Amino acid sequence: MASTVSYMLLFPLLVCSLVMVAFAGDFNKDFDITWGDGRAKILNNGELLTLSLDKASGSGFQSKNEYLFGKIDMQLKLVPGNSAGTVTAYYLSSKGSTWDEIDYEFLGNLSGDPYILHTNVFSQGKGNREQQFYLWFDPTADFHTYSIIWNPQRIIFSVDGTPIREFKNSQAIGVPFPKKQPMRIYSSLWNADDWATRGGLVKTDWTHAPFTASYRNFNAEACIWSSGASSCGSSSSTSTSSSSWLSQELDATGQQRLKWVQKNYMIYNYCTDTKRFPQGLPAECNIS
């Protein structure tokens with residue numbers, strides 16, 4: 001019975017994943033390897049990028065372009081086997097002491113135990129907006145698409161087309177929202193065994209090194225920021241299908257999928273952590 005229920009719960013997600021469109025970007029054109037001393041590699045004529053971690057160092061890359069709003073897709077296959085202590089980070093970030101940031105972090109675990117997908121949103125240098133999830137599949141067995149829709153109204157995190165989190169613009173009640181600072185895409189694979197797995201109790205087993213995460217099919221439908229101006233211009237043409245993400249919101253089906261994921265797979269939500277916020281939950285938590 002349990003397996004039948006699980007299949008019924010998964011069925012809409014399986015259907016959704018079947019209709020996902022793959023985009024083949026060129027990592028040579030879109031990204032720069034920034035650190036790792038040869039541990040990051042661009043392969044297959046720019047179609048594949050791998051990051052590796054060993055006891056000496058991790059590795060990372062960043063986008064050549066800066067973006068101010070966009071729909072960003074990347075397919076990742078995470079470190080397999082005993083990945084405890086490792087973190088694969090994939091995020092958008094600006095620079096400076098009051099930076100904005102939109103985070104995916106994948107926290108490794110012992111073989112057989114699930115990855116934790118950690119999400120966060122920083123605005124004007126302030127984060128503390130963590131939501132964490134288990135995934136409904138093995139993220140190490142194949143590539144899966146992790147997406148960020150970032151427009152002036154909201155930020156939507158999606159996995160294989162299924163929304164897992166929505167962070168709405170709540171500036172009207174005094175909550176800063178990332179909308180003025182252009183951001184680059186960054187990714188890194190690094191050792192964080194002081195906190196990543198069971199709060200640092202489980203350490204990285206270096207006998208399994210090197211650890212490797214793989215990336216493919218990057219796609220950005222986005223406003224590129226260059227020389228102080230946006231490629232989208234001053235007036236956004238939201239009527240065209242190519243920029244529909246600029247005003248995209250969750251429809252009824254998206255809302256249902258979001259609730260399904262948050263009910264069945266969310267394991268931490270800062271908006272329910274009253275012990276952490278004894279003086280009251282953050283203002284945006286009180287908005288439905």
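S94 itself is found in the loop between β6 (86-93) and β7 (101-107), and is buried at a relative accessible area of 7%. Here buried is under 20% relative accessible area, exposed is over 50%, and partly exposed is in between (1.4 Å probe, protein chains only). Helices (H or I, at least four residues) and strands (E, at least two) are DSSP runs, numbered from the N terminus.

A word on the source: this is a predicted model, where local features need pLDDT of at least 70 and side-chain atom pairs count only at pLDDT 80 or more, while totals for chains, interfaces and linings use all residues. Residues are numbered from 1 along each chain as its sequence is written, and side-chain values use heavy atoms, with hydrogens and water left out.

Now for the strands. β10 (residues 144-150) is mostly covered, with seven of its seven residues buried. H144, Y146, I148 and W150 point one way from β10, and T145, S147 and I149 point the other way. On one pairing, β10 runs antiparallel to β5 (residues 66-77), with seven bridges between them; strands pair if DSSP finds at least two bridges between them. Within that pairing, L76 stands opposite H144. β10 also pairs with β11 (residues 154-159), again antiparallel, through five bridges, and a hairpin with three residues connects β10 to β11. Across that pairing, I148 has F157 as its bridge partner, and I149 has I156.

Carry on along β11, and the picture of burial continues: six of its six residues are buried. R154, I156 and S158 point one way, with I155, F157 and V159 the other way. Six bridges join β11 to β12 in another antiparallel pairing, where S158 stands opposite P163. The hairpin of β11 and β12 has two residues between the strands, and in it D160 takes a positive phi near 50 degrees.

What happens with the nonpolar side chains? In soluble globular proteins, these tend to be buried together. The largest nonpolar core has 60 residues, and those with the most contacts inside it include Y146, W150 and I155, along with M74, Y104, I164 and Y215. A second, separate core has five residues, among them V87, L107, I116 and A192. A nonpolar core is a set of buried Ala, Val, Leu, Ile, Met, Phe, Trp, Tyr and Cys residues joined through side-chain atoms within 4.5 Å.

Then there are the charges. The structure holds seven salt bridges, each a side-chain nitrogen of Lys or Arg within 4 Å of a carboxyl oxygen of Asp or Glu. One of them has R154 meeting E166 at 2.8 Å, N to O. R154 lies in β11 and E166 in β12 (residues 162-168), so the pair ties together parts 12 residues apart in sequence. R154 and E166 are both buried. R154 also forms a salt bridge with E249, with the closest N and O atoms 3.9 Å apart. This pair links distant parts of the chain, since E249 sits in the loop between β15 (229-230) and α3 (252-264), 95 residues from R154. Together, R154, E166 and E249 are linked in a network of salt bridges.

Another salt bridge, at 2.7 Å from N to O, joins the side chains of E130 and R276. E130 lies in the loop between β8 (116-122) and β9 (131-133), and R276 in the segment after β16 (266-269), so this pair ties together parts 146 residues apart in sequence. A side-chain oxygen of D251 reaches to within 3.3 Å of the backbone nitrogen of T253 at the start of α3. The buried residues of α3 are G254, L258, W260 and V261. These cover an arc of only 160 degrees around the axis, so they lie on the same side of α3; the arc is that of the directions from the helix axis to the C-beta atoms. On the other side, A252, Q256, K259 and K263 are exposed.

Note on methods:
A polar contact is a pair of N or O atoms within 3.5 Å; within protein, one must be able to donate a hydrogen and the other to accept it, and residues adjacent in sequence count only if both atoms are side-chain atoms.
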